Amino acid sequence: MTAAGATGELESVRVTRILRDDIVLGRRLPGSRLVERDIAAELDVSRLPVREAIRTLVSEGVVVARPRSWAVVREFTQRDIRDFAEVRESVETLIFVFAAERHDEAGIARLRDVYERELAAAQAGEAEAARMAAGEFHEVAAMLAGNDMLCELIDVFATRLRWLFGQHDDLLAMAAEHRAILEAISARDADALRRIVPEHLASGQLAAQLRLADRAVVI
């Protein structure tokens with residue numbers, strides 16, 4: 001286990017968080033190499049926490065380890081997007097429905113705060129901040145669902161989902177969809193959520209498919 005830094009956060013945890021965000025937000029592109037010594041120099045740490053971070057990201061499905069070579073950021077396929085979308089629709093629709101049925105005032109206030117931060121960032125054209133808040137919106141909804149098993153299930157593929165569906169370009173449209181979901185949760189309208197959540201997820205799937213197709217053309 002690596003040492004903790006000045007903030008008390010383990011170096012391996014900090015490096016993992018930084019690399020994860022870099023991948024999810026598109027700073028490190030699919031196929032790019034993750035060279036331990038270069039990342040260690042960049043983040044001013046030893047190679048051990050970098051190695052541990054890469055191992056964690058391999059387990060999360062966004063990095064591929066190649067024996068006797070460099071680890072690389074995973075290159076997803078159209079089938080990956082389809083497979084994840086099918087799983088995500090079932091799981092996340094259930095999460096949002098449970099959030100509507102089980103939330104308390106403190107929980108809905110927290111969800112509203114995340115949405116307002118997403119909207120403000122989208123209006124300001126701050127893409128990374130808007131995308132991070134959009135991902136947090138789904139994470140908070142999972143907490144409001146009050147089902148530990150669902151949270152464990154979503155944690156298995158959370159990073160892959162954030163990468164695949166979190167790089168949308170129409171920030172205001174995404175915020176508007178989250179507003180509709182927020183209002184339905186606040187109103188405890190489970191029927192509306194069973195309709196609008198799949199529509200919301202489908203728009204994210206389409207954006208991911210188009211982004212992947214565009215990258216294939218460039219390559």
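Helices (H or I, at least four residues) and strands (E, at least two) are DSSP runs, numbered from the N terminus. Keep that in mind as you move around this predicted model, where local features need pLDDT of at least 70, side-chain atom pairs count only at pLDDT 80 or more, and totals for chains, interfaces and linings use all residues. Residues are numbered from 1 along each chain as its sequence is written, and side-chain values use heavy atoms, with hydrogens and water left out.

**Stop 1: a proline in a helix**

Select Pro-49, which you will find in helix α3. Pro-49 is buried, with a relative accessible area of 2%; here buried means under 20% relative accessible area, exposed over 50%, and partly exposed in between (1.4 Å probe, protein chains only).

**Stop 2: charged pairs**

Side chains of opposite charge can pair when their charged atoms come close. A salt bridge is a side-chain nitrogen of Lys or Arg within 4 Å of a carboxyl oxygen of Asp or Glu. How many salt bridges does the structure hold? There are 17.

Begin with Glu-11 and Arg-14, whose side chains form a salt bridge at 3.1 Å, N to O. These two residues are three apart in helix α1 (residues 11-24), so about one helical turn separates them. Arg-14 is partly exposed, at 23% relative accessibility.

Next, show Arg-28 and Glu-42, which make a salt bridge at 3.2 Å, N to O. This pair links distant parts of the chain, 14 residues apart: Arg-28 sits in the loop between α1 and β1 (33-34), and Glu-42 in helix α2 (residues 36-43). Is Arg-28 buried or exposed? Arg-28 counts as buried, at 14% relative accessibility.

For another pair, pick Glu-36 and Arg-51, with their closest N and O atoms 3.1 Å apart in a salt bridge. Glu-36 belongs to helix α2 and Arg-51 to helix α3 (residues 47-59), so this pair ties together parts 15 residues apart in sequence. Glu-36 is buried at 17% relative accessible area, whereas Arg-51 is partly exposed at 34%.

**Stop 3: the nonpolar core**

A nonpolar core is a set of buried Ala, Val, Leu, Ile, Met, Phe, Trp, Tyr and Cys residues joined through side-chain atoms within 4.5 Å. Select Ile-185 and Leu-193: of the 55 residues in the largest nonpolar core, these two touch the most other members. Helix α4 (residues 78-102) gives this core its largest share, nine residues.

Zoom in on Ile-185. Setting aside neighbours within four places in sequence, Ile-185 is in contact (heavy atoms within 4.5 Å) with residues including Phe-96, His-103, Leu-111 and Leu-193.

**Stop 4**

Most residues other than glycine have a negative phi, and most peptide bonds are trans. Look at Asp-44, which is not a glycine but has a positive phi of about 60°. Asp-44 lies in the loop between α2 and α3 and is exposed, with a relative accessible area of 71%.

Finish at Arg-188, in the loop between α8 and α9 (190-218). Arg-188 also has a positive phi, of about 55°, without being a glycine, and is partly exposed at 41% relative accessibility.
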